[in-house]
Amino acid sequence: MSNLNKKNVIVTGATGGIGSSIVKKLSETGANIIASGTKVQKLEELKKNFNNLKILPFDISQNDKVENFIEQASKELGGNLDWIINNAGVT
């Protein structure tokens, strides 16, 4: 993976196996990460393992709130957003 040092990234579905692996890899590259998902306890566990990680619980199936979520996450990252990795599954 290329150098993502200081890039601001949102990862949805971060509490699952694939999502947590994405968070780990992004963290290794130096990215600033917002991890999102519906399982708050798992988000808290992720936060303990990575210094460059912030959490923002969100259910991506709430279509009418996605724009607000993106704005809030961008603010958490200092007003700038480089990437969104939409890994969340909706059933």
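Let's start at V23, which touches V11, A14, I33, A35, L46, F50 and L53, leaving aside residues up to four places away in sequence; a contact here means heavy atoms within 4.5 Å. V23 and A35 have the most contacts inside the largest nonpolar core, a set of 14 residues. Such a core is made of buried Ala, Val, Leu, Ile, Met, Phe, Trp, Tyr and Cys residues joined through side-chain atoms within 4.5 Å, and buried means under 20% relative accessible area with a 1.4 Å probe, protein chains only. Two or more residues each come from β1 (8–12), α1 (17–29), β2 (32–35), α2 (40–49) and β3 (53–55). Apart from this core lies another one, of eight residues, including I10, I34, I60 and L77.

A word on the model: it is predicted, so local features need pLDDT of at least 70 and side-chain atom pairs count only at pLDDT 80 or more, while totals for chains, interfaces and linings use all residues. Residues are numbered from 1 along each chain as its sequence is written, and side-chain values use heavy atoms, with hydrogens and water left out.

Now step back to the whole chain. Along the sequence you'll read β-α-β-α-β-α-β, that is, three helices and four strands; these are DSSP runs numbered from the N terminus, with helices (H or I) of at least four residues and strands (E) of at least two. Buried residues make up 36% of the 91 residues.

Finally, look at S74 in helix α3 (residues 66–76). S74 counts as buried because its relative accessibility is 14%. Not counting residues up to four places away in sequence, S74 touches G79, N80 and L81.

Conventions: Buried < 20%, exposed > 50% of the residue type's maximum accessible area, 1.4 Å probe, protein only.
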